[in-house]
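Please look over the model shown here before reading on.

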Amino acid sequence: MIKQTLFGLAVAMGPVLAAAHSKSEETMPADGATVTDVPELTMRFDDPMRIISVTLTSPDGDVKIERETGMDPTTEFRAMPLEELAPGSYRFDWRGMASDGHPMQGSFSFTVVQ
Amino acid sequence: MTGLAPIDGVVVLAILAKALGYGAALLAMGGALFTLLFAKRAEESVLRLAQHLAVGAAIVGLAVLALRFGIRAARISGMGFEGATDPMMLGFVWDSPLGTAAIWRGIGELAILAILLPRVGHWIALAGSLAVAMSFAQVGHSLGEPRAALAVLPVLHLLAAAFWVGALLPLRKAALTPTGADLLHHFGNVAAYGVAVLILVGAALAWLLSGSVAALFGTAYGLVLLVKVVIVSALLGIASLNKLRLVPALRAEKRGATIVLRRSISIEMLAVVLILLATATLTSLTTPPINL
């Protein structure tokens with residue numbers, strides 16, 4: 001009986017609970033996308049996220065990017081490659097902290113073609 | 001596997017430090033609770049052991065708290081261990097809910113040291129135990145909704161667990177004292193209620209954070225939680241064996257009863273260590289299904 005009641009509670013609270021953790025909702029370029037041009041790299045979160053470190057790597061090594069967004073918690077992160085990206089595969093990695101204190105990390109990859 | 005974070009060296013260290021922090025907090029709280037609850041029934045030597053346990057665990061707890069700050073800073077920095085001493089990263093950790101939790105836990109563990117003072121010291125230590133229990137409601141998924149339930153349930157869960165875990169070593173010693181059998185019998189009666197609280201609250205939390213039975217089998221969180229439940233069940237089995245067979249044997253002064261009971265309590269302690277490691281893995285590496 002208690003379990004059923006709690007289960008009911010959990011189901012009712014589901015949508016509220018689901019919002020408790022911020023996630024990377026969408027990125028640009030999208031994960032797995034093939035693009036011709038990367039003017040900027042953006043990530044959107046459903047809850048403020050403090051993005052601390054970001055790296056963009058190609059098979060040749062780290063690619064320099066400039067952060068437009070600082071280290072304050074944000075729902076939208078933006079950075080720009082310093083030079084035009086040569087054709088090839090790229091991977092963007094980030095680390096940070098969610099507003100509930102959890103260390104968070106994530107990545108997305110994309111391919112640049114001519 | 002759904003909801004499993006990447007594993008690296010820093011994460012493994014984070015899990016070990018967290019498990020050690022849980023153990024220290026439970027022993028510190030439990031030692032204080034034991035001293036207060038069994039002041040009249042336990043022998044002086046047993047009470048002294050409980051006090052020393054509380055003090056030693058509180059000191060270890062404070063050291064682990066500092067260590068965990070560094071580990072958390074290293075994890076968020078992406079710089080590896082260099083990040084552990086970076087003032088900016090430490091500042092971010094301090095500003096996060098872990099900072100708030102650290103204040104509660106730090107003050108609580110300091111207050112538990114007061115158990116060495118006569119009389120009023122025990123009450124300060126009890127207040128400290130409550131503060132330590134409440135520190136766990138300041139971080140992570142306790143901050144989700146329903147806020148009240150997710151804040152109160154862990155506090156109850158921790159107090160019940162501390163009562164049990166903190167009593168193991170003193171009880172193991174008590175088995176050697178003349179009044180030990182009565183103390184163990186009395187503990188068994190009180191602990192039955194504590195275990196009921198532990199299971200009901202644990203089940204309620206599991207329901208709130210996983211949401212469905214399917215989520216238990218399909219996610220990393222669910223699987224680690226099941227591992228924890230299996231070890232807890234084994235621990236409950238040993239505990240009931242103690243209560244129903246070994247303690248009555250000790251009371252009846254059967255030959256060898258003391259050795260068997262003390263060995264059984266040692267196995268309980270080992271099970272507790274495994275449960276703490278499972279719990280630290282659960283809260284470090286996996287995301288509750290409801291948050292996926």
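What follows is a short exchange of questions and answers about chain B.

Guide: This is a predicted model, in which local features need pLDDT of at least 70 and side-chain atom pairs count only at pLDDT 80 or more, while totals for chains, interfaces and linings use all residues. Residues are numbered from 1 along each chain as its sequence is written, and chains are lettered from A and ligands numbered from 1 in the order in which they are written.

Visitor: How many helices does chain B have?
Guide: Helices (H or I, at least four residues) and strands (E, at least two) are DSSP runs, numbered from the N terminus. In chain B there are zero strands, and the helices come to 10.

Visitor: What is the radius of gyration of chain B?
Guide: The radius is taken over C-alpha atoms, and the globule rule is 2.2 Å times the number of residues to the power 0.38. For 292 residues that rule gives 19 Å, and chain B is as compact as a globular protein of that length because its radius of gyration is close to this, at 20 Å.

Visitor: In which helix of chain B is confidence highest?
Guide: Confidence here is pLDDT, the predictor's confidence in each residue, from 0 to 100. Chain B averages 91; the lowest mean, 82, belongs to helix α8 (residues 213-218) of chain B, and the highest, 96, to helix α5 (residues 120-135) of chain B.

Visitor: What length does α5(B) reach from its first C-alpha to its last?
Guide: The expected span of a helix is 1.5 Å times one less than its number of residues. With 16 residues, α5(B) is expected to span 22 Å, and it comes close to that at 23 Å.
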